[in-house]
Amino acid sequence: MCGIVGYIGHRDAHSIIIKGLQRLEYRGYDSAGIALFDGKDINVTKTKGKVSDLQDKINSENNTVGNIGIGHTRWATHGVPNDINSHPHYSNSGDLVIIHNGIIENYASIKKELSNRGYTFQSDTDTEVLVNLIEDVQKNGNYKLGKAVQIALNQVVGAYAIAVFDVKKPNEIVAARLGSPLAVGVGDGEFFIASDASPFIEYTNNAIYLKDEEMAVIRIHKDTKIRKVKDDKLVDPYVQTLKLNIEQIEKGGYEHFMLKEIFEQPSAIKDTYRGRLNVNKGIIKMAGVEDNLEKFLNAQKITIVACGTSWHAGLVAEYVFEDLARIPVEVEYASEFRYRNPVISNKDVVIAISQSGETADTLAAIKLAKEKGAFVFGICNVVGSSISRETDAGAYTHAGPEIGVASTKAFTTQITLLSLIALRLAKAKGSISNSDFKRYLIELEMIPEKVEEVLKSDALSKHIADIYKDVSNFLYLGRGFNFPVALEGALKLKEISYIHAEGYPAAEMKHGPIALIDENMPIVVIATKYGHYEKIVSNIQEIKSRKGKIIGIVTKGDTEVKAIADHVIEIPETSELLSPLLTTIPLQLLSYHIAVLLHKNVDQPRNLAKSVTVE
Ligand code: M6R
């Protein structure tokens, strides 16, 4: 959570930082702030609200001058969102200023000690405690900023990505990370610091991704020195050349990132299977899987750990892996897994799924699985992310940047990748016939054009959204491969429209949820041709006799559900196993349009952030 940006060089820092914060707003958006060094003083402007509110305040305070600066967009952890708790935070002397993404868990005891020594605090944040700890270390030992930061960080417990600036030494910024991402953009005589590369990609595509417990002392016109926080060892900076481009992180004519990302799914899915799926040769090849094929094939079980939408993709994978590869699969919330004593050994494979690759609970689950000796395979979208580094092997979804807080293309590309893996394992195990294998390859290759076709139902989804936008509750029902899609549909609606929604396996309805049904309840039912169709039709009849409103997601040409449902959205025919890649699209569009019609902030829903890097 929280986005941080820093700049040191010859350009106008203010505009770089503001634009960068806007790109990082997906990480948190309850308050924002900036500190600029104008050649003499550090001037801080901060406010509750969005980066646009910050810009208004900066204009009114006329704080725009400086070639060095740091900025922050916040997702509150310690202290409510208000002007005072916003970052940057000053130290007591006013010499140091800091921005921070993460949580200092032992901040209370440090605060107490510092208070006993006369330090005072304006805010309720852990971050203000950290900057004063750095100042205290600096004063007592007469240390340079870098050393003081290092000593202070060795005293804290928790997670951090920080950038600190000292007015007495205005040609350097000190940055460090543990558990929260931090990239250093390397330009020509200038440097950028950011939570991801989007704030600096238009200036440079050379970046150093700091690893956990690394710190960088960044000096204008000098080489950046990177050290280990723990033992002070110098690390050789690895400068990566990024493939990201500016178009990928802009809205490209769409009103919202979420809509853009929904419409990007045909190309995103293609990018996921490109180079891995070869229909002509009848093969699936992925380096991470090929290199570890025996581990997968000999696994006594596969445990999937993930959170939110990625967890839903894991649930789809459970059905797919068991059906095709006949390997037992368990799907766990990473947050629960990490605090149980799971029965995992070196005979197990653990698959961690995460769009951002930074989710704290998933990272902790990976750590636990590794301690227990399991082989851990990561499925991430963000290249170079923590999860991709912490896992033993893995594969990227290649969905491109997902900025909208509500995950869309991440879900379908994760399912695509997991289906490829399941098919590859099934082939290696001999649990699938050659003809079925070939059929799935062909069908998978055709999914992008079928998604294009489903996207044409956008206007219909909007029409249905308009009818139901004012209800208080929604139900989503699905069976088999489409039960997780029902969960995902409900999550999408909840998170962006704030309408209460529940997803259920359709047959579970009679065990409780049916009591909720009356003429005011819309129920989205996924009723595809091959998915226990007759049973679902019976469920729909049961709902209709209680006057519920049915929105059916059906296979093209369906007549039976059409005759009894209030609305139907058609999807092209495909095998049931791959149908989640299609059925999920109308659900995304429905949620999107309801949220827009309700004037909600679709890309930045309240209380949420794109990547949850805290517990
Ligand atoms: O980056 P991750 O895939 O690890 O994120 C997991 C969840 O936080 C994420 O899917 C969240 O549930 C989304 N907001 C759902 O749209």
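Predicted model: local features only at pLDDT ≥ 70, side-chain atom pairs only at ≥ 80, totals over all residues.

Guide: Of the 90 residues in the largest nonpolar core, F321, I351, F377, F474 and Y476 touch the most other members; a nonpolar core here is a set of buried Ala, Val, Leu, Ile, Met, Phe, Trp, Tyr and Cys residues joined through side-chain atoms within 4.5 Å, where buried means under 20% relative accessible area, exposed over 50% and partly exposed in between, with a 1.4 Å probe and protein chains only. Helix α14 (residues 409-429) supplies the largest share of this core, ten residues, with helices (H or I, at least four residues) and strands (E, at least two) being DSSP runs numbered from the N terminus.

Residues are numbered from 1 along each chain as its sequence is written, and side-chain values use heavy atoms, with hydrogens and water left out.

Leaving aside neighbours within four places in sequence, F321 is in contact (heavy atoms within 4.5 Å) with I302, R326, I327, V329, I351, L418, I421, A422 and L425.

Turning to charged pairs, the structure holds 34 salt bridges, each a side-chain nitrogen of Lys or Arg within 4 Å of a carboxyl oxygen of Asp or Glu. One of them joins E190 to R11, with the closest N and O atoms 2.8 Å apart; because E190 lies in the loop between β9 (183-186) and β10 (191-194) and R11 in the loop between β1 (3-8) and α1 (13-24), the pair ties together parts that are 179 residues apart in sequence. E190 is buried at 2% relative accessibility, whereas R11 is partly exposed at 29%.

Another salt bridge pairs E250 with R23, the closest N and O atoms being 3.6 Å apart, and it links the loop between β15 (240-241) and α6 (257-263), which holds E250, to helix α1, which holds R23, 227 residues away. Here E250 is partly exposed, with a relative accessible area of 38%, and R23 is buried, with 11%. Both residues also belong to a network of salt bridges that links K19, R23, E202 and E250.
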